Structures are given as C-alpha cells and as structure tokens.
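Please open the structure in the viewer and keep the selection panel at hand.

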Amino acid sequence: LCGTGNWACFYHCYTHSALVYEVNAALMYLIKKKDANRYGSLPRLDGDFTNVTAETLKEFVKRDKHNSDTGLAYQTLGIRCSLSLWDTDPEVKPVELFTAKYGSAARDVNNTRWLKDVLRKFCPGADCAEVIELAKKYNLDTTSYKDGATVASPAHILQIFIHRTQVARLAYPTLSYGRPDNSRTFPAFLFHDKHRVYGQAGLVVPPETLINFEIARLYTYSASEGFHRKREAFQIDLVKLLREHFVKEGSA
C-alpha cells in the first residue's frame, strides 16, 4: 500500500453528503449489477467524465475566482482527500474529523439539489422524502434535508485504493483548497519507501473507474456504529426502494 506496493491509498472525509453517496452506490448497483460497489459509497454518479484527468481539476482551481476546489465544476468531478489517517495537516485531520462533529463537508455542496437531481435522472418517480425516511431509520445523518435528523456521530471516511498505473491520471498533490503542491509529484511521492506519505490530494472520481476492481477498491467506515453495522442492510433496502422507479435509459 504505497511504498513498494501497487496501490496508493486515499482517505476522503465527509458527513452531510453521505446520503447522496449511498444513493449513488445503490443506483450504480442497479445500473451495472455489480456487488463490488457495496463495499464503499460512491462520491459521484452523474457527470461528464470524458477525458477528465487530474490536470482538469488543476485547471478548475486555476480558473476559480477564489483559486480553490470549492467551485461547482470541481465539485462535480473531483473530491479532496488525505494521504494518511494520522496526518496533522491544519485543514484536514482525518482521525480528528472522524471522531468529532464535522460539518464542513457540506459547506459548498447543495446536497438536497444533488439528491433530487440524481433521483430525477435515474428514478423519476422516486419520492425524495421516502429515501430520507429510510436513511433516518438506519441512523444516517440527514441534517441537510427537509425534515432530516442529526446523529451524534455523522462522519464517514471513504478509503480509496487506486492502482499505481492510474494514479498520475486521477490524482495530484495539493495544498489547501485543492491548490497544486509542486513540491510533490505523483506517483513518485506515493511509492517511495524512504519517507512518510503526508498531505492532501485532489482525486477525479469517475464512477465507472471506481467500480473497476482492476483499478480501484472502495471501503466505507462510519463513525456511527449503528449505521456502520447495518450499512449493508441499508443498501439492500435502498436498492429495493429505488428499483421500483429505476429507469435504465437514465444511465445513458
């Protein structure tokens, strides 16, 4: 896992966007009928990833008026990650965020709009309120949504393994807010056994790539013990709920 291995590891922390990620995972199961995706949530599903690479994300940051990764173009196709669970980066400390009430993941993302948009495209008849009620039943934080509920431990970590042959295409080293860190180079920095891996990274997250077991492996960990233990059951019930309204053509 990094060093002299074949897989680079990235850690993505999130909270209020969890329901969108879970719905994306359930819909991808309906589209592809691949159980592999049940291992982890899926950050993005609906987006044009044609010819999108790490260089594309860098360009989004450059063009953003705040020179950051908080713009819609970047948020639609990429995510921010840490390279170590034990990193002490002042902006993102995965373990500290995982064990505390961390809400900034929803800062620049309209989760309600994203949820409605993905349901409208893939499950036009689905009731957003029913999806939210199912999430509440399984103790998943729904603070972002109308009539949602807060849980004591809302944080999640998505552990993403990317094969070393794909790292340069999908990831780049960053400073705060997605700004490129030119002092580090991927993949060389990640597969060097002479130093500690640290810092942040920007990662392109095309869904077709993330469910390809030859390229990526996804594993989700939830701070809410109740949800973590029942996540598989939640996914099964969510797939059942969405299947009633699923439109195959929506995946085109």
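**A positive patch**

In this predicted model, select Lys 33, Lys 240, Arg 243 and Lys 248, which form a positive surface patch. Lys 240 belongs to helix 9, residues 225–243. Its relative accessible area is 49%, so Lys 240 is classed as partly exposed.

**The whole chain**

The C-alpha trace spans about 50 × 40 × 40 Å along its principal axes. Of the 252 residues, 54% are buried.

**Salt bridges**

The count of salt bridges is eleven. Select Lys 32 and Glu 208, whose side chains meet in a salt bridge at 3.3 Å, N to O. Lys 32 lies in helix 1 (residues 18–32) and Glu 208 in helix 8 (residues 207–210), so this pair ties together parts 176 residues apart in sequence.

Move on to Asp 46 and Lys 121, a salt bridge with its closest N and O atoms 2.9 Å apart. Asp 46 is in the loop between helix 1 and helix 2 (54–63), and Lys 121 is in helix 5 (residues 111–122), so the pair ties together parts 75 residues apart in sequence. Asp 46 is partly exposed, at 38% relative accessible area, and Lys 121 is partly exposed at 33%.

Then select Asp 181 and Arg 184, which form a salt bridge at 2.8 Å, N to O; both residues are buried.

Notes
Residues are numbered from 1 along each chain as its sequence is written. This is a predicted model: local features need pLDDT of at least 70, side-chain atom pairs count only at pLDDT 80 or more; totals for chains, interfaces and linings use all residues. Side-chain values use heavy atoms; hydrogens and water are left out. Patches are made of residues with over 30% relative accessible area and no salt bridge: like charges are joined within 9 Å, nonpolar side chains (Val, Leu, Ile, Met, Phe, Trp, Tyr) within 5 Å. Accessible areas come from the Shrake-Rupley method with a 1.4 Å probe; for residues, only the protein chains shown count as cover. A salt bridge is a side-chain nitrogen of Lys or Arg within 4 Å of a carboxyl oxygen of Asp or Glu. Lys and Arg count as positive and Asp and Glu as negative; His and the chain ends are not counted. The place of a charge is taken as NZ of Lys, CZ of Arg, CG of Asp or CD of Glu. Helices (H or I, at least four residues) and strands (E, at least two) are DSSP runs, numbered from the N terminus. Buried means under 20% relative accessible area, exposed over 50%, partly exposed in between (1.4 Å probe, protein chains only).
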